[in-house]
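Hi there,

Here is the structure I promised to pass on to you. Have a look at it first, and then read on for what turned up.

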Amino acid sequence: MAEFLELESQDGVRMPWNVIPGTKQESSNCVVPVSAIYSPIRPLPNITLLPYSPLRCRTCRSVLNPFAIVDFAAKIWICPFCFQRNHFPPNYASISDDNLPAELFPHYTTIEYAQDSQIDQSPLQQPPLVFMFVIDSCLIEEEMGFLKSSLSQAFDLLPDNSLVGLITFGTLVHVHELGFAQIPKTYVFRGNKDISKDQLLEHMSFFAKKPKPAGVIAGARDGLSAESISRFLLPKAECEFAFNSILEELQKDPWGVPTDQRATRCTSTALSIAASLLGACVPGSGARIMAFIGGPSTEGSGAIVSKNLSEPIRSHKDLDKDSAPLYHKAVKFYEGLSKQLVHQGHVLDLFACALDQVGVAELKIAVERTGGLVVLAESFGHPVFKDSLRRIFQAGDYDLGLSSNGIFEINCSKDIKVQGIIGPCASLEKKGPLCSDTVIGQGNTTAWKMCGLDKATSLCLIFEVVKKESPDATIQSTSNQFYFQFLTYYQHYSGQMRLRVTTLSRRWVAGPGSIQDLVAGFDQEAAAVVMARQVSFKMETEAEFDPIRWLDKALIHLCSRFGDFQKESPSSFSLSPRLSIFPQFMFNLRRSQFVQVFNNSPDETAYFRMILNRENVANSVVMIQPSLISFSFHSGPEPALLDVAAIAADRILLLDSYFTMVIFHGATIAQWRKAGYHNQPEHQAFAHLLQAPRDEADSIIKERFPVPRLVICDQHGSQARFLLAKLNPSATYNSDGPLPGGDVIFTDDVSFEVFLDHLQRLAVQ
């Protein structure tokens, strides 16, 4: 495992197969696709920033890298991707074996370039960030109070030179003119009527003083005056008073709501107006629409439910049966909005805080394609929302490093093609010889737009090996490397434009003796995450898809190909340590919230999958298979098996399932705590024992986004369900014999032992 983590800290990449199956047939036999999980702007410990432009191959446009073959005498380099011979320009004239430019150092496989002109820019010259707050006003007074206090805190944390805009919505959409400080001035639009960008500019009197120019209107350079833009988007320092006074006076939507109806909430119209306004005023800048939504959308093209309370909000069953009449219309609307935002280079962030569903499932496409952040909580007063919002703007060790305007490109050896990317990006439809015919996720292109990206953003790139069987074995020994190059051109959070280049080389094997090599390079954590992203994607896009059957077939196939066994003898079955935890990951993935949608709303499922699709391997593994740490008097904190047997009366367990952290007190510990022993000076050790899991949980929470929900519960208490739902049910209500932990799980699910038993029986057939 350690060598894979080392590769990740060097290049930000994890691959399931670090030795690649070399032919089309071999790779399809390997079940888990040839793929990579790459974090484009992950902070790396020893990355170098070069103050000049990169040198590119004149045929395939790949960047000079340590795998290029260099002829120092002739001043030529040969591109490892297309074998083109390229001449070095005059400024490389002095290169030699002992005088290499940084991009040829063997260990600089990941490197960053910044343009000369931008390295010493003062902060004043750098393009400002733009924040457009879109606020739902159909909230009860209490929620409105929570939201106002969080927003005024967030406003104080914004960078000083950032531009701010404000839209509030309920039955109508109100665009506030922050630049008119004398009295509050707003432009009001009907919530049930779609409005085009041209109509918007017309209504908001952008052309009152000068005639409307011909052609496309795009910001101060194309057709709009700076003063007309500054009516709605103002620097933070200039609009602080106006923003705070509008917030303070913001009232609940004044339109009456009959008792048998839902509030009229035109979420989609408000977001569409925000997108058009930003598209006209600041196209191509790092602008974010931050939407704070407190209930279901009932008006406009993106409505998810009618106003009648007698009609329930769509459930998974309704979506499966195709009986959610508004769903497809809303998804189509948000797909159109996502294309508009991607074209403008803007991001949509979503903060959905309500006990009801708000329509995250429909909005998912717009948030995910633009690389936006998403937070789901049950109230604007919940720490999950309040702390997550603060984390977005806080500077310091745990800042998110929000960057913008990214373009991601892939180059690879000609025997490999790109099937697509599952993750927060949108296809730029740049077709070429590297595109595979089979498409997974955002495919049919070798370039993607990443409007918003941060330190944690991770893409899952899926490749296809197209090399046919080669009868001539001598060819293999000469060039048995596949090369990959990932280029990320982005606006760094300091405002500087940068290009990060990661070039990888992986050995490929084919033929009879290749199984040992493949197993030696198998990264089971990365493989589990790729399978999780794939199964989530298939569940959303393929009708009648059976995820459990698909995962089981894949696992049986993998075990029968790579396991050691005698035919028809299950007891002889064994797996190499490189593969031994993989069945356990698959067992937990089958039971996880990504596959089992029962008891979750479509909004929750969409939320879980959006986070899975953007997090790195370590975090995703915790979502699939939570970690469990045990604290007791007998030993220090130690990892415990994710099993009901881990529960004991004198133990405290800390469960981390990424979205929720549970501190679970055994029965005896809970009795002592209720008796107040931890407050007595002679029981200091007990006080320390109670505090230790809290400290551990706090250290995890402070570096995670969105901030997880913390549940503190006791054995046999109602909230213990958060822990019990994740444990392996090795002892259930109908097991025989005495139980070690004294706890049982009331379930008919099979335990891991039974699952493994069946797997061995099927794998050896």
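Strands β10 and β11 form a hairpin, with two residues between them. Keep in mind as you look around that this is a predicted model. You can find threonine 168 standing opposite histidine 174 in β11.

Strand β11 also has a partner in β12 (residues 186-190): these two pair in the antiparallel sense over five bridges. Here histidine 176 has threonine 186 in β12 as its bridge partner. Is β11 mostly covered or mostly open? Mostly covered, since four of the five residues in β11 (172-176) are buried.

Next, the nonpolar cores. The largest one has 105 residues, and Phe582 and Leu589 have the most contacts inside it. Helix α8 (residues 267-281) gives the most to this core, with nine residues. Another core lies apart from it and has 36 residues, including Phe131 and Val375. If you zoom in on phenylalanine 582, you will see that, beyond residues up to four places away in sequence, its contacts include Val32, Phe522 and Met531.

Why does proline 101 count as buried? Because its relative accessibility is 12%, and buried means under 20%. Leaving aside neighbours within four places in sequence, proline 101 is in contact with Tyr52, Tyr92 and Ile95. From proline 101 to asparagine 600 the distance is 54 Å, C-alpha to C-alpha.

Enjoy exploring!

Methods
Residues are numbered from 1 along each chain as its sequence is written. This is a predicted model: local features need pLDDT of at least 70, side-chain atom pairs count only at pLDDT 80 or more; totals for chains, interfaces and linings use all residues. Side-chain values use heavy atoms; hydrogens and water are left out. A nonpolar core is a set of buried Ala, Val, Leu, Ile, Met, Phe, Trp, Tyr and Cys residues joined through side-chain atoms within 4.5 Å. Buried means under 20% relative accessible area, exposed over 50%, partly exposed in between (1.4 Å probe, protein chains only). Contact means heavy atoms within 4.5 Å. Two strands pair if DSSP finds at least two bridges between them.
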